[in-house]
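Have a look at the sequence and the structure first.

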Amino acid sequence: MDKYTYFILGILLGLGIAIYFWASREEKIENKIKLDRKIFSTEKLDKTMETVVERITNNINEVKRELTEEEKNEIIMQCYKEKFLL
C-alpha cells in the first residue's frame, strides 16, 4: 500500500510543478506583451490596427474565404494612408 501512496504523491507533485511552470510562463508572456506595447505602441497606431483587423474580418466575411497576403497588405496600406495622411 505504501508504494501506491508514494506513487500517487509523486504524480501529484509532478502535476503541481508542471502547472506552476506553465502559469509562470504565461505570466512572463503577458508581461512582455504589456512592456512591448508600452514601449512601441501609440494610440494612433492602436486605432489603425483595430481598423485593419475590422476591415480584414469584414472582407473575409464578404468573400467567405481566407484573404491572400496581397489583399491583406492592400487593406493595411489603405488604413495606414487614411490614418497617417500619406
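Let's start where α2 meets α3: on the α2 side the contact takes in Lys44, Thr48, Thr51, Val52, Arg55, Ile56 and Asn59, and on the α3 side Lys72, Ile75, Ile76, Gln78, Cys79, Tyr80, Glu82, Lys83 and Phe84. Sorted by type, the residues of this contact are seven nonpolar, four polar and five charged. Contact means heavy atoms within 4.5 Å. For the types, Ala, Val, Leu, Ile, Met, Phe, Trp, Tyr, Cys and Pro count as nonpolar, Asp, Glu, Lys and Arg as charged, and the others, Gly among them, as polar.

This is a predicted model: local features need pLDDT of at least 70, side-chain atom pairs count only at pLDDT 80 or more, and totals for chains, interfaces and linings use all residues. Residues are numbered from 1 along each chain as its sequence is written, and side-chain values use heavy atoms, with hydrogens and water left out.

Helices here are DSSP runs (H or I, at least four residues), numbered from the N terminus.

| Helix | Residues |
|---|---|
| α1 | 2–40 |
| α2 | 43–63 |
| α3 | 69–84 |

The largest nonpolar core has five residues, Val52, Ile56, Leu67, Ile75 and Cys79; such a core is a set of buried Ala, Val, Leu, Ile, Met, Phe, Trp, Tyr and Cys residues joined through side-chain atoms within 4.5 Å. Buried is under 20% relative accessible area, exposed over 50%, partly exposed in between (1.4 Å probe, protein chains only).

Over in α1 sits leucine 9, partly exposed at 49% relative accessibility. Its C-alpha atom is 52 Å from that of threonine 68.

Note on methods
Helices (H or I, at least four residues) and strands (E, at least two) are DSSP runs, numbered from the N terminus.
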